[in-house]
Amino acid sequence: MATVRDESDYDSSRPSSLTALGSRRSWISDIGSSSSVSGGGETPCRHSKPHKANHAEWEAIAHVRAAATGGSVGLDHFRLVRRLGSGDLGNVYLCELREPPHRPSSSGRLYYAMKVVDKDALAFRKKLRRAEVEREILRSLDHPFLPTLYADFEASHYACLVMEFCPGGDLHVARQRQPGRRFSVASARFYAAETVLALEYLHMMGVVYRDLKPENVLVRADGHIMLSDFDLSLKCDDVIPKLLRQPRGDGAGANPSSTYGHSSSCVPPIQPVLSCLLNGVTRKRQVPMPGAAAVDADAAEHSEPEQTSESDPAEVVVEPVAARSRSFVGTHEYLAPEVISGQGHGSAVDWWTLGVFMYEMVYGQTPFKGATNEETLANIVSKRPVAFPRIPASASCGEREELLRAQDLMARLLAKCPGKRLGSCTGSGEVKRHGFFQGVNWALVRSVRPPEVPVPAARSKAKTMSRKERQEPYKQQHEDHFDYF
Ligand SMILES: Nc1ncnc2c1ncn2[C@@H]1O[C@H](COP(=O)(O)OP(=O)(O)OP(=O)(O)O)[C@@H](O)[C@H]1O
């Protein structure tokens, strides 16, 4: 997917953006903004990353750091192997340590992904702050489905981020390999579930991701996902944990609206991770009947969502509900209506993009795509609810039931009005309780066998870069046709 962006939330005053025709690249243009951005930051230290603290990659970097003059890691410590990809901000290289602590066997080499950003070029394009925000966000992350930043440093006018390397490519490419270029519903559920957990964590950290699309979902060596590319994300410092109380006594008769945020009460700050654990809520589960007509998207948007879990008396919600931006940011086919209309958007945009992402995984195309970017945007903002392809008559009862659940979830995520969108009120818990995810053990998702695991042999076929290739200045990729938006 191509990307053309302008700055806005952080440092610029550009009025519009250029976007390639039919392009799926992310972009941003300025309409005005709000939300504060935290400054500064520490070089990552493995003690602040308990999920990855015992990884060999950390050990190796720590070893190099200990031996280095001044204790800092720099570009000289790495050997660039090949370019993995280029984006709007810079190039990403596969690299390894020049002097790893242990002599690597061919299968046990430790690879890293290094994002190299030309600061001078970015300053000229007024995008420097974007790169800084991405670095700040990466420094703060510690989650199985989000990147680990092993080191960051500057070399001349380049800023370098050394991250975990994902050898499995991205889900856009993975989808092309599937029969009919679409994932099975089971695979889509797996990738969607891991994405929900990553978004949940980001929201708890006060980050609105804003750029979910298959191209940004990378596949790790073990087949699990890693969301990448945070330069469009919105970071806010005002996430206030809330405890939503469920009326005690007769859970079945509880007023559903009170469960969904209208009876919230503030409590003192808590450890954000608690909200992952306390996500139950009293609600009867409704499963579409086998053979029932395809979901009525409009009705789905306005009715109560399916639930899978039974009562918990209270729910802790940590969502950046106060985050507001008016930036025009994202990828055309993935833009939420409130982003296009410029009315101000917050974390609900990530639940919208989850709906588009699921649709693309299941149907092999995005739901609102038009012949031109303008048509796509018009389809998104129109009052017409999302439409789904007919379920083939050949589908078995079970397949039909699964698809109906998937459609119901997508319709709720793709509610045009952000206030009515699943996830917009109390966050990820609403999405996790949907019937589509019935049977998902959220605490153990990272232990589930992924649909595909990258073949190790393919990983080691790394062509070493020539000296000339490595020294090539960063060139932005250009599109053949441009379309003023
Ligand atoms: N950790 C990683 N492991 C493997 N490949 C990666 C990794 N990070 C990035 N890449 C590859 O590099 C490409 C560019 O990376 P990235 O999207 O972060 O750069 P960007 O300049 O922010 O791009 P964009 O214009 O999409 O914002 C990606 O499409 C992906 O193919």
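Residues are numbered from 1 along each chain as its sequence is written. Because the model is predicted, local features need pLDDT of at least 70 and side-chain atom pairs count only at pLDDT 80 or more, while totals for chains, interfaces and linings use all residues.

**Ligand shell.** Around the ligand lie 23 residues, of which Gly-85, Gly-87, Asp-88, Val-92 and Ala-113 come nearest; a residue counts as near if its C-beta atom, placed from the backbone, lies within 6 Å of the molecule. The elements giving two or more residues to this shell are tabulated below; helices (H or I, at least four residues) and strands (E, at least two) are DSSP runs numbered from the N terminus.

| Strand | Residues |
|---|---|
| S3 | 78–86 |
| S4 | 90–97 |
| S5 | 112–118 |
| S7 | 158–164 |

The largest share, three residues, comes from S3. By type, the shell divides into nine nonpolar, seven polar and seven charged residues; Ala, Val, Leu, Ile, Met, Phe, Trp, Tyr, Cys and Pro count as nonpolar, Asp, Glu, Lys and Arg as charged, and the others, Gly among them, as polar. Domain 1 (8–165 + 461–471) and domain 2 (171–447) each supply at least three residues to the shell, the bounds coming from an automatic or database domain assignment.

**Strands S6 and S7.** Strand S6 (residues 149–155) pairs with S7 in the antiparallel sense over six bridges; pairing requires at least two DSSP bridges between the strands. Leu-149 has Met-163 of S7 as its bridge partner. Two residues separate the strands of this hairpin, in which Ser-156 adopts a positive phi near 55 degrees.

Helix H5 (residues 185–204) comprises 20 residues and reaches 28 Å from its first C-alpha to its last. Of these 20 residues, 18 are buried, so H5 is largely enclosed by the rest of the structure; buried means 20 or more other C-beta atoms within 10 Å of the residue's own, exposed 12 or fewer, and partly exposed in between, with C-beta atoms placed from the backbone. Gly-206, with a positive phi near 80 degrees, follows the helix.

**Trp-442.** Trp-442 sits in the loop between helix H13 (428–432) and helix H14 (456–460). Trp-442 is partly exposed, with 17 other C-beta atoms within 10 Å.

Note on methods
The expected span of a helix is 1.5 Å times one less than its number of residues.
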